[in-house]
Amino acid sequence: MADDAGYIPYDAVNTKSSRRFERQPEYAPQDFHARVFELEADGEWIVQRVPEPYVEVMTKYGRKKKIPIELTWHHKSCGQCGHIPGYSTSIFWLNRKLGLKYVDPTDQTSCTAWNYYASATSNAAAQASVAMRNFAAAYETGYYPLIHCGTSYGHYKEVREEMLHHVEVRHQVRDVLKKLGKPLVMPEEVVHYSEWVHAMRDRIAAQQTRDFSSLAVTVHPACHYYKLVQEDAIYDPDIYGGQRTATVSALIAALGAEVRDYSTWYDCCGFGFRHILVQRDFTRSFATRRKIEVMKEEANPDVVITHDTGCVTTLDKSQFVGKAHGANVGVPVLSDAQFAALAMGAHPYRVCQLHWHSTEYRPLLEKMNIDHGHAWAEFQGDLKKLKSGEKEYLSWEDVDAG
Amino acid sequence: MGLFADKYPNVAFEEKSRLWEEVKADPRFPTYLYGCYECGICVAACPSARFYDFSPRKIAQAAAREDVELIYEQMNDDVWNCSQCFSCNRCPRQNSPGGVITILREVAVRNGLRSAKQALEGYSRIIYKIMGTGTQVSPDMLQPDAFPDWGPQVRDVSADLDAWRRALPPETLHTVSTGWQVDDKTIIELYLIWHHTGVMDMIAEVDEGLHMILSDVMEEKLEEAGYQM
Ligand code: SF4
Ligand code: SF4
């Protein structure tokens, strides 16, 4: 087992053939890095370098991507912070626990892409200006943007493509930024937090305090992580032979849990951007029929782990109605950040904030040997102090002391 | 003329062509459509095709053929079914049918098509939230009457919302009406972006009431900060 830790064999995804596929760089899209630096040399923008030390990982066509370890500027996600705040809190907690410096900014807006994909009440120049305003705000602090939301991450990579290839968009955005008194800054890499978790997985595993070896896990890879501007999502020959993104799955393997496959892994979750808000019959049906029920039937997991805001929300919240209809549902849904934090001993309520989740998760905690009754009582004690005015907020110091 | 019966014969061909020219003029369009093999891979990957009478292949085909009547029909009847998941980026022709749909939607909104207005009914408060506050999803949106299908847990959140927010260790997350605490200066910069990129004009096309409310909120803050719009 020790030799295989962190490895998911190719057979896990391909039981029908022994053929191996090598990376063929000649099929790769043009590498964007050269153009990013060229535009800097032409005086069009500033490139914010990934701060050292960084970890180099492999992307889809065998290129390298730099993932910063610390000095990160946390571009938060509105859906995480608003509705599943244990997601963001866990990301911060991991940084603190690993002793890494970061900034949690208030000079940050949402990427606004959820609204854009839902309603189209915006345009390419506006969307790019929002992105570049946030990038400039990060640059001004000297910290490097780490994007919490998969939608923001995918959208910002689309923005990068547009800024690289369409001079009219680039100049329109430059003029808008000038009116705001902000420089035009393009980060050397657009980095998703789950890529950071991936790059840190061995350090996370080294500080693991809870045994996950009895856990069976399914993974939902987030569409906007690897389907949009796909060339710089992380792939790894040791994970499914490099045939699927390694992000999330590699972490689960590193933590000693078992990744189980299911046939609809490529399907989206059913979020739909506008559907989750105003046409949820589609979202519910898709999430239960095409994802959760299939996972249950084919893999019977203890938990599904994913790495994007919309996916956690959709897969978690949609199960209530499925259950009412007697569907084969009932799989708790966590982000990779919460899963990693729990492995490192995080409090299920003070840190992972699991009381914001809908689908029953307590049997999972029991399998992790977590006394959820005791943990909930502790959290109730916190709430009592907050309500009585004895405390105004629960702080990181309170969490660390507990 | 297109291959199929024209579903909107009362709309002039010239008007449909004008909208199509707007779609093609989008700088992203050439990289979203390179033709179409009609292989159907996009349909196999498409979640919306499973639950609606909807096909990314048909959208790519109509666009590749420049069938302006069918495109006009799709712009009205189909595009709002798309989940914008971009599973269709698997296209072997390197198309992004989902990307074409993004542009079709944008043109529909910019031109105030009735179907776009209908699709956005009930959605205004969300546009208001994102454009007005800088974060799209706020904790106080979690109300049981808004999400009855999410079960009793939503009631637990809303019942204890203020205390639950104060029980979040990151200092930026104690907010209830925004996802996190956003600086005033940041909001002003966001308002300037909406004004300078024509987004306010798009809102005026699809929802006059929302445009009025947003303008009031923005103008007040912008004036306070010394900007005249
Ligand atoms: S996958 Fe591409 S080529 Fe095939 S039908 Fe769809 S758009 Fe056409
Ligand atoms: S982006 Fe739209 S058309 Fe493409 S696969 Fe997703 S739902 Fe289907």
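The views below show a predicted model, in which local features need pLDDT of at least 70, side-chain atom pairs count only at pLDDT 80 or more, and totals for chains, interfaces and linings use all residues. Residues are numbered from 1 along each chain as its sequence is written, chains are lettered from A and ligands numbered from 1 in the order in which they are written, and side-chain values use heavy atoms, with hydrogens and water left out.

**View 1. Helix H5 of chain A, residues 124-141.** Helices (H or I, at least four residues) are DSSP runs, numbered from the N terminus. At the start of the helix, a side-chain oxygen of Asn123(A) comes to within 3.2 Å of the backbone nitrogen of Ala125(A).

**View 2. Gln153(B) and its contacts with chain A.** Gln153(B) belongs to helix H10 (residues 153-159) of chain B. Its relative accessibility is 10%, so Gln153(B) counts as buried. Leaving aside residues up to four places away in sequence, Gln153(B) touches Lys317(A), His355(A), Trp356(A), His357(A) and Ser358(A) (heavy atoms within 4.5 Å). The side chain of Gln153(B) reaches the backbone oxygen of Trp356(A) at 2.8 Å. A polar contact of 3.0 Å links the side chains of Gln153(B) and Ser358(A); such a contact is a pair of N or O atoms within 3.5 Å, where within protein one must be able to donate a hydrogen and the other to accept it, and residues adjacent in sequence count only if both atoms are side-chain atoms.

**View 3. The shell around ligand 1.** Of 14 residues around ligand 1 (a heavy atom within 4 Å), Cys36(B), Cys39(B), Gly40(B), Cys42(B) and Cys91(B) come nearest. Helix H3 (41-45) and helix H5 (56-65) of chain B are the elements that give two or more residues to this shell. Its residues comprise nine nonpolar, two polar and three charged.

**View 4. The shell around ligand 2.** Around ligand 2 there are 14 residues, with Cys46(B), Cys82(B), Ser83(B), Cys85(B) and Cys88(B) coming nearest. Here the elements giving two or more residues are helix H4 (47-51) and helix H7 (97-110) of chain B. The shell holds nine nonpolar residues, five polar and no charged.

Terms used. Nonpolar A, V, L, I, M, F, W, Y, C, P; charged D, E, K, R; others polar. Buried < 20%, exposed > 50% of the residue type's maximum accessible area, 1.4 Å probe, protein only. Expected span 1.5 Å × (residues − 1).
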